[in-house]
Amino acid sequence: MKRIPLDGSKETHIIFEGNIPGHLDTLNASEQRDLLTKLSNIANKDASPDAYTYEKIGNLDIFKFSKDGRIYSKVVTFVPEINPKYHIIYVLYVDEDHEYDDGKLGRFSQQAQQKLENVTDLESVEDIEAYLEANNSLTSGDLDDLLDR
């Protein structure tokens, strides 16, 4: 049974840069489950997603999803500014063995800044909802479906 928050909590959406298979194809089945479970758990929490950040490097927010697995992302909370209703986690890169390339991190940090600017330029709930739909965002329910919960 899914919990429905009654306190006006914000809804968290996950957007994978590119597509989901591209992020999962280097992971074994257990790592895939760990990654999706981590994102689902964060999306299901009442606190904003940035509260679960493991580490920050430049503009990147990093989540740990296994002993060595890292999700390089950008977290944008409380958007749109005037009527905050959503949190967004952009998954930019998934690293299963924590052996990242410094050059890639710089590029991902620039992408993260661009994502932040794009979404904070949106002014209405309708604009955010259209953006989320256009970018194939996933909710905790979508992630639970992928996990067959």
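Q: Where does D25 lie?
A: Helices are DSSP runs of H or I with at least four residues, strands are E runs of at least two, and both are numbered from the N terminus. D25 sits in the loop that links α1 (20-24) to α2 (29-44). This is a predicted model, where local features need pLDDT of at least 70, side-chain atom pairs count only at pLDDT 80 or more, and totals for chains, interfaces and linings use all residues. Residues are numbered from 1 along each chain as its sequence is written, and side-chain values use heavy atoms, without hydrogens and water.

Q: Is D25 buried or exposed?
A: Buried means under 20% relative accessible area, exposed over 50%, partly exposed in between (1.4 Å probe, protein chains only). D25 has 58% relative accessibility, so D25 counts as exposed.

Q: How many residues of the protein chain are buried, as a percentage?
A: Buried residues are 40% of the 149.

Q: Which elements make up the protein chain, from the N terminus on?
A: The order is β-α-α-β-β-β-β-α-α-α. That gives 5 helices and 5 strands.

Q: What share of contacts joins residues at least 24 apart?
A: Contact means heavy atoms within 4.5 Å. Among contacts between residues at least 6 apart in sequence, the share is 65%.

Q: Which residues line the second largest pocket?
A: Rolling a probe the size of a water molecule over the atoms shows where empty space is left. Here the lining is I15, F16, E17, G18, N19, I20, K115, N135, N136 and L138. A pocket is an open set of points on a 1 Å grid over the protein atoms alone, where a 1.4 Å probe fits, with protein on both sides within 12 Å along at least five of seven lines; lining residues have an atom within 4 Å of a point.
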